[in-house]
Amino acid sequence: MATDELAQKLQRRLLLEESGPEPALGGEEAAAAAWGAGPEEESRSSMLASADSELGAKLSRRQDINDGTARPRQAKVFNPYTEFKEFSRRQIKDMEQMFRLYDSGKDGYIDLMELKLMMEKLGAPQTHLGLKNMIKEVDEDFDGKLSFREFLLIFHKAAAGELEEDSGLMTLAKLSEIDVSTEGVKGAKNFFEAKVQALSSASKFEAEIKAEQDERKREEEEKKHRRAAFRELKSAFSQ
């Protein structure tokens with residue numbers, strides 16, 4: 001947590017200051033000390049400056065967040081298929097579809113009110129504090145809302161057994177109808193045909209891509225047929 005990290009940095013800062021300032025030296029002594037400063041002293045000075053800068057930046061950021069004036073940090077572009085390798089492409093697409101469904105603001109985040117609506121729709125309404133705790137458990141950037149990556153972390157933690165059985169996040173994962181159990185990930189019992197289950201992980205990934213391409217081709221062919229039928233109908237009425 002950020003508070004633990006800040007506490008560690010404050011403790012390091014205090015330890016560095018406990019050694020106290022060096023006694024003042026005369027002109028020649030000061031020049032000799034500056035000229036002959038060893039690597040240990042230089043390292044201590046560098047560490048002190050680094051601690052001051054990093055601690056100051058984090059404290060300032062935390063204060064801005066508390067005041068509600070913090071600028072949102074630009075989200076890193078990530079590839080869910082490579083970062084969350086335990087899930088299939090189909091599972092991730094299902095999660096993305098669910099995320100977009102409840103992202104009513106279409107801003108790429110699920111905020112507190114949107115999460116409230118989601119849990120109500122799933123039949124497991126939560127208290128205001130419960131909703132805040134749900135977000136807090138996976139809110140890596142402390143912005144008080146869920147990005148798509150943080151949303152995927154819910155299912156990652158559920159599959160890894162890192163969530164309390166009676167927690168709000170575990171309830172969300174269970175009621176979402178997206179199978180993320182270890183057995184389900186390996187067996188893909190809800191999403192793959194038996195022949196796909198027998199393939200290697202790489203071959204399975206390729207098979208999913210091909211299936212998506214075939215589906216897009218089929219949809220394009222249907223569109224062409226509908227357009228052709230419409231043109232024929234239009235031509236018949238214009239004669």
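Student: What counts as a helix in this predicted model, and which helix holds Arg218 and Glu215?
Tutor: Helices are DSSP runs of H or I with at least four residues, numbered from the N terminus. Arg218 and Glu215 sit three residues apart, about one turn of the helix. The helix that holds both covers residues 201-238 and is α12.

Student: Is Arg218 buried, partly exposed or exposed?
Tutor: Buried means under 20% relative accessible area and exposed means over 50%, with partly exposed in between. Glu215, the partner in the salt bridge, has 34% relative accessibility and counts as partly exposed. Arg218 has a relative accessible area of 40%, so Arg218 is partly exposed.

Student: Which residues form a positive surface patch?
Tutor: Lys and Arg count as positive, and patch residues need over 30% relative accessible area and no salt bridge. Arg227, which lies in helix α12, has 42% relative accessibility and counts as partly exposed. The patch is formed by Lys223, Lys224, Arg226, Arg227 and Arg231.

Student: Which helix holds both Asp94 and Arg90?
Tutor: The side chains of Asp94 and Arg90 meet in a salt bridge at 3.8 Å, N to O. The two residues are four apart, about one turn of the helix. Asp94 is buried, whereas Arg90 is partly exposed at 43% relative accessibility. Both lie in residues 89-102, helix α5.

Student: How far apart are the end C-alpha atoms of α5?
Tutor: The expected span of a helix is 1.5 Å times one less than its number of residues. For the 14 residues of α5 this gives 20 Å. The model agrees, because the end C-alpha atoms of α5 are apart by 20 Å.

Student: What is the N to O distance in the salt bridge of Glu165 and Lys174?
Tutor: Glu165 counts as exposed, at 53% relative accessibility. The side chain of Glu165 meets that of Lys174 in a salt bridge, with an N to O distance of 2.2 Å.

Student: How many salt bridges does a search of the whole structure find?
Tutor: Some salt bridges join into a network, which links Glu83, Glu140 and Arg149. Over the whole structure, the number of salt bridges found is nine.

How values were computed. Residues are numbered from 1 along each chain as its sequence is written. This is a predicted model: local features need pLDDT of at least 70, side-chain atom pairs count only at pLDDT 80 or more; totals for chains, interfaces and linings use all residues. Side-chain values use heavy atoms; hydrogens and water are left out. A salt bridge is a side-chain nitrogen of Lys or Arg within 4 Å of a carboxyl oxygen of Asp or Glu. Buried means under 20% relative accessible area, exposed over 50%, partly exposed in between (1.4 Å probe, protein chains only). Patches are made of residues with over 30% relative accessible area and no salt bridge: like charges are joined within 9 Å, nonpolar side chains (Val, Leu, Ile, Met, Phe, Trp, Tyr) within 5 Å. Accessible areas come from the Shrake-Rupley method with a 1.4 Å probe; for residues, only the protein chains shown count as cover. The place of a charge is taken as NZ of Lys, CZ of Arg, CG of Asp or CD of Glu.
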